[in-house]
Amino acid sequence: MTSLRLSQQQRNHLVLLQRPASDVVELCKSAFDYLINGPNLNRYKALAKKFSNTGDPEVVQHAVEALISLLISVTTCVSSSSVNIQAILRQTFADIDDEVVDVLEQFVTSKRNFVEGSIKSANIRAYRLVNLDWRLEVRTASRSLLDQCNVTVTMKLYLHTEPKNENRELLEVDATGRSEQELAAMHEDERRHRKDMLVQTDVSSLLYMIKTLEDALAESKTRRIRNIVDGIH
């Protein structure tokens, strides 16, 4: 029998599933909403008053995050349609009602395609930045401009889908000892995987983009993202 990759802490958080099936439906809806839109603290506060004796919204949020891990774990474990999802859930949660198991099975089955698509998308090798050229351009005067000075930043982004040494010049190809056919194949491979992009923006927009990227980097270090990535891998 296939076993699920759930930590003991996650199993402890799922104790909240020992409730009527209608309440578990609300938790499953919250879990999927978490995947799409992120955590909804106001919703967790409302559910905490109903589900938790302490009224602590973190109890609900931990249960929702554990449900996401459960969804991802079942999806990655079930490699074919012949696997009995309900049997896996009953083995994992032997102490919950049959109606709750049915709700969990429906939740996993209905959201399985979404999770599989997300995992496949995560495994697609996207373009990565390997080099950057930039310059400041200043227009000091123009009849068409109300302002006396207009500063822009022009950047040339070197993107590639294959892992590259960031200190390597993308335009350099060692031709020593290679035939014309090999060089042609190398140029074709480079053209297929490489993309150069010219971008021009003003300073305020550049600062906004930097802040957005820094916020995304901070978000990637949160518990929510770590739980999702750990479930995928």
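Let's start with helix α3, residues 41–51, whose buried residues are Y44, L47, A48 and F51. Looking down the axis of α3, those buried residues fall within an arc of 110 degrees, so they line one face of the helix. That arc is taken from the directions running from the helix axis to the C-beta atoms. By buried I mean under 20% relative accessible area, with exposed being over 50% and partly exposed in between, using a 1.4 Å probe and protein chains only. Helices (H or I, at least four residues) and strands (E, at least two) are DSSP runs, numbered from the N terminus.

A quick word on what we are looking at. This is a predicted model, where local features need pLDDT of at least 70, side-chain atom pairs count only at pLDDT 80 or more, and totals for chains, interfaces and linings use all residues. Residues are numbered from 1 along each chain as its sequence is written, and side-chain values use heavy atoms, with hydrogens and water left out.

Back to α3. On its other side, N42, K49 and K50 are exposed. And what covers the buried residues of α3? The cover includes α2 (21–37) and α4 (57–77). Contact here means heavy atoms within 4.5 Å.

That brings us to the nonpolar core, meaning a set of buried Ala, Val, Leu, Ile, Met, Phe, Trp, Tyr and Cys residues joined through side-chain atoms within 4.5 Å. The largest one has 36 residues, and L67, F93 and L104 touch the most other members. The elements giving two or more residues to this core are α2, α3, α4, α5 (85–92) and α6 (98–123). Helix α4 provides the largest share, ten residues.

Now please turn the model to the strands. There is an open sheet of three strands in the order β1-β2-β3, with antiparallel pairing. The edge strands are β1 and β3, each of which pairs on one side only. On average, neighbouring strands of this sheet are turned by 15 degrees against each other, direction ignored. For angles, axes are lines fitted to C-alpha atoms, for helices over the stretch in contact, and angles run from 0 to 180 degrees between N-to-C directions. Two strands count as paired if DSSP finds at least two bridges between them.

How many bridges join β1 to β2? Strand β1, residues 128–139, is joined to β2 by eleven bridges, and R139 stands opposite N150 in β2. On the other pairing, nine bridges join β2 to β3, residues 194–202. Two pairs to look for there are V153 with its β3 partner T201, and L157 with M197 in β3.

Take T152, which lies in β2. T152 is buried, at 15% relative accessible area. Setting aside neighbours within four places in sequence, T152 is in contact with R135, L136, E137, Q200, T201 and D202. There is also a helix here: α8 lies across β2 and β3, running at about 120 degrees to β3.

Last topic, salt bridges. Side chains of opposite charge can pair when their charged atoms come close. The rule is a side-chain nitrogen of Lys or Arg within 4 Å of a carboxyl oxygen of Asp or Glu, and by this rule the count comes to four. I'll show you some of them.

One of them joins E137 and R135, with the closest N and O atoms 2.8 Å apart. E137 is partly exposed at 26% relative accessibility, and R135 is partly exposed at 48%.

Another joins D215 and K211, at 3.0 Å from N to O. Both residues lie in helix α8 (residues 203–220), four residues apart, about one turn of the helix. D215 is partly exposed, with a relative accessible area of 41%.

And then there is D23 with R19, at 3.4 Å from N to O. Which of these is buried, and which is partly exposed? D23 is buried, with a relative accessible area of 8%, whereas R19 is partly exposed at 23%.

Thanks, everyone, and I'm happy to take questions!
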